[in-house]
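Q: I am new to this structure. Please take one part of it, the pairing of strands, and go through it closely.

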Amino acid sequence: MPNQEVQNELETENAQNSRNAASDSAAPETATVPEAGAQVGPQSATGPGPAEESVSRAEHEQLKTERDQLLERLARLQAEFENARKRAERERQEYRDYAAASVVEQFLPVLDNFELALKATGSTEQLRSGVELIVKQMEEVLRQMQVTAIPAVGEAFDPRHHEALGSVEREDLPDQHIAEEIRRGYKIRERLLRPSMVRVVSNPKQTVE
């Protein structure tokens with residue numbers, strides 16, 4: 001009968017499906033194999049180990065010690081430099097004082113003679129002679145110090161040693177020569193102390209020629 005055949009086919013198909021389901025449930029699950037190099041288990045935090053931390057602390061302490069030594073050495077060098085600077089300045093000041101004292105000591109007799117001249121009651125000619133002697137005494141002191149006067153009157157004008165305060169028209173002296181000395185100039189050895197203040201000749205005859 002047709003209905004009976006259809007029913008038999010349905011029962012056969014259901015039985016087959018039941019067997020397949022049972023077979024799938026009985027099969028063991030396939031384990032997933034980790035790939036090569038993959039980390040198994042929970043991820044561990046990265047960081048230096050105890051040995052690395054010990055080395056790092058030792059290096060830090062060494063660097064700190066070296067820094068402290070350098071700072072101490074720098075402070076010591078700064079103190080030594082400051083002491084040397086003060087000592088050099090003190091020595092320079094002592095040398096200047098000694099040089100000034102030596103010069104002043106040589107001029108004290110000249111000052112004594114000036115005071116005696118002021119107390120003198122002689123004639124004008126006697127006073128003049130006394131002052132001339134004092135001037136010679138002072139010139140001798142300057143000579144001993146290698147201080148010399150700069151030649152002026154009759155000399156050719158030299159802007160290195162002479163300072164012109166004006167000109168004088170004269171025909172008896174060469175043009176651009178010194179006619180008058182207003183203030184004497186001096187030099188010590190070859191070093192100029194102060195220039196001579198002078199008036200310079202302007203000779204019209206030589207100027208026209």
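A: Two strands count as paired if DSSP finds at least two bridges between them; strands (E, at least two residues) and helices (H or I, at least four) are DSSP runs numbered from the N terminus. The model is predicted, and local features need pLDDT of at least 70. Residues are numbered from 1 along each chain as its sequence is written.

In an open sheet, 3 strands lie in the order β1-β4-β5, with antiparallel pairing. The edges are β1 (147-149) and β5 (191-194); each has a single partner strand, so one side of each is left without a neighbour in the sheet. From one strand to the next, the twist averages 35°, an angle between N-to-C directions on a scale from 0 to 180 degrees, with axes fitted to C-alpha atoms.

Strand β4 covers residues 186-188 and pairs with β5 over 3 bridges, in the antiparallel sense. Within this pairing, Tyr186 has Arg194 of β5 as its bridge partner.

The protein chain around the sheet has 4 helices and 6 strands. Read from the N terminus, the order is α-α-α-β-β-β-β-β-β-α. One of the helices is α2, residues 50-119, where Phe114 is found. Phe114 is partly exposed, with a relative accessible area of 33% (buried is under 20%, exposed over 50%, partly exposed in between, with a 1.4 Å probe and protein chains only). Of the 209 residues in the protein chain, 8% are buried. Contacts (heavy atoms within 4.5 Å) between residues at least 6 apart in sequence join residues at least 24 apart in 62% of cases.

Technical notes:
This is a predicted model: local features need pLDDT of at least 70, side-chain atom pairs count only at pLDDT 80 or more; totals for chains, interfaces and linings use all residues. Side-chain values use heavy atoms; hydrogens and water are left out.
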